Every structure is written in C-alpha cells, then in structure tokens.
Amino acid sequence: MTYLTVYTDGEAPERLLATVDPDEIATELKGIDVRLRHWRVAEDLPSGASQDEILKAYREEVDRVVAEEGYTFVDVAQLHPDGSADWPERAAGARRKFLAEHTHDDDEVRFFVEGSGIFYLHTEGRIHAVLCEAGDLLSVPRNTTHWFDMGTEPAFTAIRFFHDDDGWVGDFTGNPIAERIPDFDTITAGRPVA
Ligand SMILES: [Fe+2]
C-alpha cells in the first residue's frame with residue numbers, strides 16, 4: 001500500500017500530511033510534477049526469478065512506457081537479505097549510496113515488483129516521502145532534488161528505466177536535510193496497517 005507523508009524542510013521539520021488515500025496521493029504528487037502509476041502485480045513470478053523472467057512478466061507495461069517516454073535501457077535491481085556474512089556491510093553500503101540529497105540529469109523511474117523503498121522529493125519547501133510498494137511505478141523528473149531510503153534491511157526488486165546506459169550518477173547537493181526527516185525504518189514502523 002502506497003503511503004505518503006509530507007514534511008516541512010526547516011531545522012525542525014513538521015509533518016503536514018500522512019495518507020494512504022490513492023486519490024490524495026495522486027493529487028499531491030501531481031502538484032510537484034511527480035508521476036505515480038499502478039500496474040497489476042504479476043502473480044505467477046517465482047521468488048528468485050531472473051531479470052529476464054521479471055521483464056517478460058511485465059513486457060507489455062514495460063514496452064508501453066519505453067515507447068511513450070523513449071527510454072533506451074531497462075534493467076532489474078534486486079536486493080534481499082541472503083544470510084551471508086557480508087550482508088550487513090553490503091546492505092549498509094547500498095543504502096548509503098543515494099541516502100543524501102541529490103539530483104540526476106535523467107529521470108529516475110522505478111517500478112516495484114516486490115518489496116519497498118521510500119523516495120523523498122524535496123521541492124518548494126516541502127519533502128514528499130513516497131513509500132512505494134509492489135505495483136507502484138514512480139517517475140521522478142530529471143533535476144528534482146531527492147533521496148532514496150531502502151531501510152536498514154533492504155528487500156526489493158525494481159525495474160529501472162534509463163535514457164542512456166552510461167551509468168547512473170548522482171549530483172549531491174550537500175544539503176543534510178535527509179538526516180532531519182524520518183527514515184525508512186521510522187516511517188514504515190508508524191504507517192497505518194492495511
Ligand atoms: Fe536518485
């Protein structure tokens with residue numbers, strides 16, 4: 001269930017909104033030019049499905065988005081606890097990568113096949129924290145200041161869309177705002193139960 005919380009961006013951020021209402025979420029995000037769409041979730045995908053199996057299961061939807069928006073490269077990012085000795089370090093490293101505020105010169109477009117993550121969109125003095133779950137396709141326009149938190153125990157599979165495959169770089173703003181806004185673990189612990 002998608003969950004949106006909105007905060008002020010001052011020294012002591014205040015929560016202005018918390019909602020799971022799809023229409024309210026759509027209206028809020030439309031107001032900041034961020035698109036959230038919902039696809040049916042493929043139910044026949046085995047856990048541990050390969051990238052090819054995942055892309056095949058969503059072929060129609062992926063092809064439509066690629067045709068409409070001109071993406072040239074699509075892949076699947078997956079991260080799950082695997083019980084290995086180096087998991088805590090890998091999980092922390094992956095989380096840290098885009099946990100500070102940054103921008104990209106390409107759109108950031110993600111479809112959650114399963115699991116979850118929070119996109120924090122910083123615009124016009126507000127932070128929109130969008131908790132995405134299976135079935136959510138979020139499009140963050142290029143140059144939008146944002147960060148992403150996958151939590152201390154990352155677990156997700158996401159299809160990613162790019163306009164070029166030259167690598168995915170973040171331009172970090174140096175603004176420490178992400179440290180003042182509730183993180184993934186805090187927000188997911190406090191959200192309404194479905
Ligand atoms: Fe990003």
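Strands are DSSP runs of at least two residues, numbered from the N terminus. In the predicted model, 5 helices and 12 strands are assigned to the protein. Glu-108 is found in one of these strands, β6, which covers residues 108-115.

The overall dimensions were examined next. The C-alpha atoms occupy a box of roughly 45 × 45 × 40 Å along the principal axes. For 194 residues, a compact globule would have a radius of gyration near 16 Å, and the value for the protein, 16 Å, agrees with this. Of the 194 residues, 28% count as buried. Among contacts with a separation of 6 or more, 72% join residues 24 or more positions apart.

The UniProt record, an unreviewed entry, lists His-102, His-104, Glu-108 and His-146 under "binding site". These residues span 45 residues in sequence, yet no two of their C-alpha atoms are more than 11.6 Å apart, so the listed positions gather at one spot.

Two of the listed residues were considered individually. His-102 belongs to strand β5, which is made up of residues 102-103. A residue is classed as buried when 20 or more other C-beta atoms lie within 10 Å of its own. His-102 has 21 such atoms within 10 Å and is therefore buried. Glu-108, in strand β6, has 23 C-beta neighbours inside 10 Å, so Glu-108 also counts as buried. When neighbours within four places in sequence are left aside, the contacts of His-102 are Trp-147, Gly-170, Asp-171, Phe-172 and Thr-173.

Ile-177 was examined as a further position. This residue lies in the loop between strand β12 (171-172) and helix α5 (184-190). Ile-177 has 19 other C-beta atoms within 10 Å. The class of partly exposed residues lies between the limit for exposed residues, 12 or fewer, and the limit for buried residues, 20 or more; Ile-177, with its count of 19, is therefore partly exposed. Residues up to four places away in sequence not being counted, Ile-177 touches Asp-9, Glu-101 and His-122. Trp-147, one of the contacts of His-102, is 30 residues from Ile-177 along the chain, and the C-alpha atoms of Trp-147 and Ile-177 are separated by 9.8 Å.

Note on methods. Residues numbered from 1 in each chain as written. Predicted model: local features only at pLDDT ≥ 70, side-chain atom pairs only at ≥ 80, totals over all residues. UniProt positions renumbered as here; feature names shortened; annotations may be inferred. Helix = DSSP H or I, 4+ residues; strand = E, 2+ residues; numbered from the N terminus. Contact = placed C-beta atoms within 7 Å. Rg over C-alpha atoms; globule rule 2.2 N^0.38 Å.
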